[in-house]
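Subject: Structure for you to look at, with notes

Dear colleague,

I am passing on a structure that I would like you to open beside this message. Please read the notes below slowly, with the sequence at hand, and look up each element as you come to it.

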Amino acid sequence: MVMTELERPKTLMVAAIRISDVVRQWAEHLPDHPALVESTGTWTYRQLASAVSETESWLRELSVRPGDRVMIVGENCRAFVAILLASAGIDAWPVLVNARLSGREIDEILDHCGARRVFYTASASPHAADHAKRSGASFEERKGFGSVGIGPLQESVEPEPLEASVSDRVAALIYTSGTTGLPKGVMLSHRNLLFMAEGSAKIRSVSPGDRLYGVLPLSHAVGLSVVLLGALVAGASVYLTPRFDPMTARVTLEKERLTLLLGTPAIFNQLLQYAKLRKISSLKFPVLRIISSSGAPLDPITKSGIESLFGMVLHNGYGVTECSPTIALTRPEAPRTDTSIGAVFPGVEVKFVDSDGHAVAPGAVGELRVRGPNVMKGYYRAPEETGSAIDAEGWFNTRDLARLEDGNLVIVGRAKDLIIHKGFNVYPAEVEAVLNSHPAVVQSAVVGRSVEGDEEIVAFVQTSPEAALTPVDVAKYAEQRLARYKRPSKIVILTEMPTTATGKIAKGVLKKVVEGSEFEVKIDVKFKISELHLTGESPGGRN
């Protein structure tokens with residue numbers, strides 16, 4: 001087969017230093033080639049470069065300075081990309097925030113980062129529009145953006161000093177929930193993101209002829225570095241969508257002849273359920289060449305089901321936000337029949353240590369440490385947490401248990417208590433803090449329960465003796481204070497919480513409860529569980 005001009009892999013003539021540089025380079029090389037496509041219109045590379053340049057000027061007019069934090073509350077759309085790249089282009093710090101977070105969560109991030117300005121992609125996201133109205137933002141119509149909410153200028157905030165090396169300056173600040181329940185700002189540099197984008201594109205042989213489905217949130221590391229920047233660095237086209245819907249995805253894959261689909265196990269599971277409902281046994285997309293899962297552990301049932309439905313290999317990957325995010329992924333030339341996460345990302349080092357920090361024997365299970373150009377600069381305004389995560393030699397502690405098997409990484413355990421729901425990290429401490437703030441709640445405990453292709457969030461809530469609190473009451477309380485993906489899908493009301501000999505909540509017992517057959521509980525007085533009420537789905541659901 002003879003490749004067309006667009007199918008030939010190309011390289012940039014000048015190395016990119018800032019993440020915005022990749023757009024300008026392709027605007028010169030392939031100016032009329034589609035860069036970003038969404039339902040409301042398309043930007044070619046020349047138009048995207050022009051939009052970024054105009055947005056840089058707009059930001060300066062709005063008194064945004066180098067070193068200022070610029071918070072972008074939104075969902076996937078061209079406006080989000082333009083404000084992101086323009087902020088990075090003038091050395092401001094883009095703070096990327098999913099509009100589906102609750103008002104409380106957004107306020108906490110805003111308070112912590114001290115943003116000079118906040119922008120809301122109102123036209124593409126009803127959630128962003130609601131947040132903009134709540135914050136008293138003004139609205140402006142901009143060509144290609146639609147309506148954008150603009151928060152008031154925060155004149156008292158001070159810009160951060162700039163690194164001497166441009167590539168070491170912060171290109172994105174992404175907040176994750178910490179183990180304490182408080183948000184942690186992960187500082188990712190231009191070097192971090194470009195290293196990941198270029199490496200990801202090279203592994204998948206991405207070229208201008210490729211069309212990627214941009215459904216993973218750009219406010220998260222995979223959507224930012226692997227999908228968006230991984231496509232733009234190679235001159236490919238990204239088809240942006242703010243949320244996943246299996247029927248829309250099928251139509252888009254067929255109509256737009258997409259070539260790469262990167263999703264989460266939950267997304268692929270939705271495709272399986274859609275096919276089952278529609279009695280579809282096969283989905284064939286002739287030009288689709290790679291489908292890959294990340295963001296949560298891939299279970300064998302989802303992998304085999306998707307491979308049977310699509311007639312192609314479902315690849316797998318693993319990473320954390322602090323590593324930009326990929327640490328390992330399976331290779332197109334070396335497909336796996338199991339759920340291994342593949343070989344370590346090129347240029348990244350790994351080691352495995354025991355609880356004392358000593359290296360384990362080759363092939364043995366150990367705590368995974370990572371070092372390389374993908375490791376974050378640190379947590380914003382949290383030097384102690386940064387110091388505990390990254391040692392003096394630059395090794396990042398993933399707190400996951402893993403081993404190497406024939407050169408492929410296998411995760412055998414992960415961070416204590418962490419729940420991965422719908423591809424998002426959920427730390428129980430954050431959910432518990434919200435539930436415990438209810439005046440009728442004495443204490444709570446949140447655990448994860450494995451379901452097909454995902455984990456659901458189960459909350460055990462101990463109420464005060466005089467309270468008549470129901471699971472529905474608790475669900476409504478959580479709905480007002482937590483992002484949809486962080487809300488418990490099942491709520492259990494207890495009169496007393498099971499405890500250990502030292503008086504701590506016995507989460508191990510609760511974990512066994514939720515993993516029991518049909519979620520049944522047998523009362524055992526030694527754990528002080530005296531009464532149990534189970535509910536079905538609460539008003540949580542998919543984010």
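This is a predicted model: local features need pLDDT of at least 70, side-chain atom pairs count only at pLDDT 80 or more; totals for chains, interfaces and linings use all residues.

When the whole structure is searched, 1 cavity of 30 Å³ or more is found, and the volume of the largest cavity is about 40 Å³. Which residues line the largest cavity? The lining is made of Ser200, Ala201, Arg204, Val206, Leu212, Val226, Gly230, Leu260 and Leu262, and by the definition above these divide into 6 nonpolar, 2 polar and 1 charged. At least two residues of this lining come from each of α6 (190-203), α7 (221-232) and β12 (260-263).

The second largest pocket has about 510 Å³ of space. Its lining holds 26 residues, and those that lie nearest the centre of the pocket are Glu38, Ser39, Thr40, Leu240 and Thr241. Two or more lining residues are given by each of β1 (34-38), α3 (78-89), β11 (237-240) and α8 (246-255), with the largest share, 4 residues, coming from α8.

Next, please look at strand β14 and its neighbours. Is β14 (residues 314-319) largely enclosed or largely open? Of its 6 residues, 5 are buried, so the strand is largely enclosed by the rest of the structure. On one hand, β14 runs parallel to strand β13 (residues 290-293), to which 3 bridges join it, and Ser293 has Asn316 of β14 as its bridge partner. Between these two strands the chain passes through helix α10 (residues 300-310), which gives a β-α-β crossover that is right-handed. On the other hand, β14 pairs with strand β15 (residues 326-329) in the antiparallel sense, again over 3 bridges, and here Tyr318 is partnered by Ala328 of β15.

The peptide bond that joins Ser324 to Pro325 is cis, with an omega of about -5°, and Pro325 has its place in the loop between β14 and β15. To see why this is worth noting, recall that most residues other than glycine have a negative phi, and that most peptide bonds are trans.

Positive phi values also turn up elsewhere in the chain. Lys279, in the loop between α9 (265-277) and β13, has a phi near 55°, and because its relative accessibility is 76%, where over 50% is required, Lys279 counts as exposed. Arg381, in the loop between β19 (378-379) and α11 (383-389), likewise has a phi near 55°, but with a relative accessibility of 47% Arg381 counts as partly exposed.

There is also an open sheet of 4 strands to find, in which the order is β17-β18-β20-β21 and the pairing is antiparallel. The edges are taken by β17 (349-353) and β21 (408-413), each of which has a single partner strand, so one side of each is left without a neighbour in the sheet. From one strand to the next, the twist averages 50°. Within this sheet, strand β18 (residues 366-371) and strand β20 (residues 396-405) run antiparallel and are joined by 4 bridges, and Gly366 has Ala402 of β20 as its bridge partner.

Finally, please find Ser189 in strand β9 (residues 183-189). At 3% relative accessibility, Ser189 counts as buried. The C-alpha atom of Ser189 is separated by 9.9 Å from that of Gly378, although the two residues are 189 residues apart along the chain.

With best wishes,
A colleague

Notes. Residues are numbered from 1 along each chain as its sequence is written. Side-chain values use heavy atoms; hydrogens and water are left out. On a 1 Å grid over the protein atoms alone, a cavity is a set of points where a 1.4 Å probe fits but cannot get out, and a pocket is an open set with protein on both sides within 12 Å along at least five of seven lines; lining residues have an atom within 4 Å of a point. Grid points are joined across faces, edges and corners, and a volume is the space filled by probe spheres set on the points. Ala, Val, Leu, Ile, Met, Phe, Trp, Tyr, Cys and Pro count as nonpolar, Asp, Glu, Lys and Arg as charged, and the others, Gly among them, as polar. Buried means under 20% relative accessible area, exposed over 50%, partly exposed in between (1.4 Å probe, protein chains only). Two strands pair if DSSP finds at least two bridges between them. A crossover is right-handed if, with the strands pointing away from the viewer, the path from the first strand over the helix to the second runs clockwise. Axes are lines fitted to C-alpha atoms, for helices over the stretch in contact, and angles run from 0 to 180 degrees between N-to-C directions.
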